[in-house]
Amino acid sequence: MPHIVVHLSGQSNAAINRRVVESVAGLTQSVLGKKLPVIAITLQHIPHDQWFIGGRPLSELGKNAFHLDISVTDETNTKAEKARFIKQIYTAFQDILGELHECSYVHVIDARAAAYGYGGETQEFRHQKNGL
């Protein structure tokens, strides 16, 4: 936990992919307080001519974009932590991708503990098992 899905404009590039994963994992740890061994990240690449903002493709706009969804257990992060995460993720992607379109989104999904988990156990079960 957490699960992170990142959509990136453009073709896959091993060096960029590594920077994205390192930045996202690092910020997920430092800002949201999540543990690296349970951070799962998937990357999906979308060609610039298939990503549209305002009805125009990124290839025409001359910009890059990303969309990041991160699922975390509800009530484990404050509004301030989530706001700081969103800001720092945007800044990191600006540095990595350059020419970033403002309509690049981060969605912190607060998932209910009884409806979210990994390894066959819900987060609620883990919470109760640990006597928290």
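1. Leu-68 is in contact (heavy atoms within 4.5 Å) with Ile-4, Val-5, Val-6, Val-24, Phe-85, Ile-89, Phe-93, Tyr-105, Val-106 and His-107, residues up to four places away in sequence being left out of the count. The model is a predicted one, in which local features need pLDDT of at least 70 and side-chain atom pairs count only at pLDDT 80 or more, whereas totals for chains, interfaces and linings use all residues. Residues are numbered from 1 along each chain as its sequence is written, and side-chain values rest on heavy atoms, with hydrogens and water left out.

2. Leu-68 also belongs to the largest nonpolar core, which has 25 residues; Phe-66, Leu-68, Ile-70, Phe-85, Ile-89 and Phe-93 touch the most other members. Such a core is a set of buried Ala, Val, Leu, Ile, Met, Phe, Trp, Tyr and Cys residues joined through side-chain atoms within 4.5 Å. At least two residues of this core come from each of E1, H1, E5, H3 and E6. Helix H3 supplies the largest share, six residues. Helices (H or I, at least four residues) and strands (E, at least two) are DSSP runs, numbered from the N terminus.

3. The open sheet has four strands in the order E2-E1-E5-E6, with mixed pairing; two strands pair if DSSP finds at least two bridges between them. Strands E2 (40-46) and E6 (105-111) each have a single partner strand and stand at the edges, so one side of each lacks a neighbour in the sheet. On average, neighbouring strands are turned by 15 degrees against each other, direction ignored. Axes are lines fitted to C-alpha atoms, for helices over the stretch in contact, and angles run from 0 to 180 degrees between N-to-C directions.

4. Strand E1 (residues 3-9) pairs with E2 in the parallel sense over seven bridges, and with E5 in the antiparallel sense over six bridges. On the E2 side, Val-6 has Leu-43 as its bridge partner, and Ile-4 stands opposite Ile-41. On the E5 side, Val-5 has Asp-69 as its bridge partner. Five of the seven residues of E1 are buried, so this strand is largely enclosed by the rest of the structure. Buried denotes under 20% relative accessible area, exposed over 50% and partly exposed in between (1.4 Å probe, protein chains only).

5. Helix H3 (residues 79-97) lies across E1, E5 and E6 and runs at about 145 degrees to E5. Thr-28, by contrast, has its place in helix H1. Thr-28 is buried, at a relative accessible area of 0%. Its contacts, apart from neighbours within four places in sequence, are Pro-2, Ile-4, Gly-33, Lys-34, Ile-39, Ile-70 and Phe-85.

6. The structure holds two aromatic pairs. Rings of Phe, Tyr and Trp (its six-membered ring) pair if their centres lie within 6.5 Å; planes under 30 degrees apart count as stacked, over 60 as edge-to-face and the rest as tilted. Phe-66 and Tyr-90 make a tilted pair, at 6.3 Å centre to centre with 45 degrees between the planes. Phe-66 in strand E5 and Tyr-90 in helix H3 are 24 residues apart. Phe-66 is buried at 0% relative accessible area, whereas Tyr-90, at 26%, counts as partly exposed.

7. The ring centres of Phe-66 and Phe-93 are 4.0 Å apart and their planes stand at 15 degrees, so this pair is stacked. Because Phe-66 lies in strand E5 and Phe-93 in helix H3, the pair ties together parts 27 residues apart in sequence. Phe-93 is buried, with a relative accessible area of 1%. Phe-66, Tyr-90 and Phe-93 form one aromatic cluster.
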